[in-house]
Amino acid sequence: MSGHVEKAKELRNIAEPHHNCAQSTLMPFAAENGLAEEQAFALAACFGKGMRMGSVCGAVTGGLMALGLKGADAAVQAEFIRRFREKHGGRLLCDDLLAAADEAQVPHKVNCDGCVADAVAIIDELGI
């Protein structure tokens, strides 16, 4: 497990301030790519819970932000999305991911922590 995944898990376990999925996915990559953690926290603040409306999962949007910081091209971005979908039954939307968790009787926090860890691990696997 990479240091990035461990950092993301640590962030998800901080009670106050809460780190949403986008923040927890972006922040482990921030400092090494020239963005202060405080800036990453602020930048991703509105992207939790699927942009606050159940849309694209915050772990995905945070992952795309991290890839942008790293200079990833469109092919790498598409591969990130493909791998995330593959791990999550084709789902990218927060509402759909949470509905699947409910059906499987997985608590939302456990599900979301898993989405964050998966997104961060995929970024590391891509080797950008």
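This report describes the helices, the nonpolar core and the cysteines of a predicted model.

## Basis of the model

Residues are numbered from 1 along each chain as its sequence is written. In this predicted model local features need pLDDT of at least 70 and side-chain atom pairs count only at pLDDT 80 or more, whereas totals for chains, interfaces and linings use all residues, and side-chain values use heavy atoms, with hydrogens and water left out.

## Helix α2

Helix α2 spans residues 21-30, where helices are DSSP runs of H or I with at least four residues, numbered from the N terminus. Here 10 of the 10 residues are buried, so α2 is largely enclosed by the rest of the structure; buried means under 20% relative accessible area, taken with a 1.4 Å probe and protein chains only. The buried residues of α2, among them Leu26, Met27 and Phe29, pack against α1, α3 (37-43), α4, α5 and α8.

## The largest nonpolar core

The largest nonpolar core holds 35 residues, of which Cys57, Ala59, Leu67, Phe80 and Phe84 touch the most other members; such a core is a set of buried Ala, Val, Leu, Ile, Met, Phe, Trp, Tyr and Cys residues joined through side-chain atoms within 4.5 Å. Two or more residues each come from α1 (3-12), α2 (21-30), α5 (58-70), α6 (74-87), α7 (94-103) and α8 (108-126), and the largest share, 9 residues, is that of α8.

Leu67 is in contact (heavy atoms within 4.5 Å) with Ala72, Val76, Gln77, Phe80, Ile123, Leu126 and Ile128, leaving aside residues up to four places away in sequence.

## Cysteines

The whole structure contains 0 disulfides, a disulfide being a pair of cysteine sulfur atoms within 2.5 Å. For Cys21, the closest cysteine sulfur is that of Cys112 at 4.3 Å, which is too far for a bond. Cys94 is likewise in no disulfide, and its nearest cysteine sulfur, that of Cys112, is 5.9 Å away. Cys21 is buried, with a relative accessible area of 10%, and Cys94 also counts as buried, at 8% relative accessibility.

## Gly54 and its neighbours

Gly54 belongs to helix α4, which covers residues 48-54, and is buried, with a relative accessible area of 6%. Apart from residues up to four places away in sequence, Gly54 touches Lys49, Leu93, Cys94 and Asp95. The C-alpha atoms of Gly54 and Asp95 are separated by 4.8 Å, although these residues are 41 residues apart along the chain.

Methods: Buried means under 20% relative accessible area, exposed over 50%, partly exposed in between (1.4 Å probe, protein chains only).
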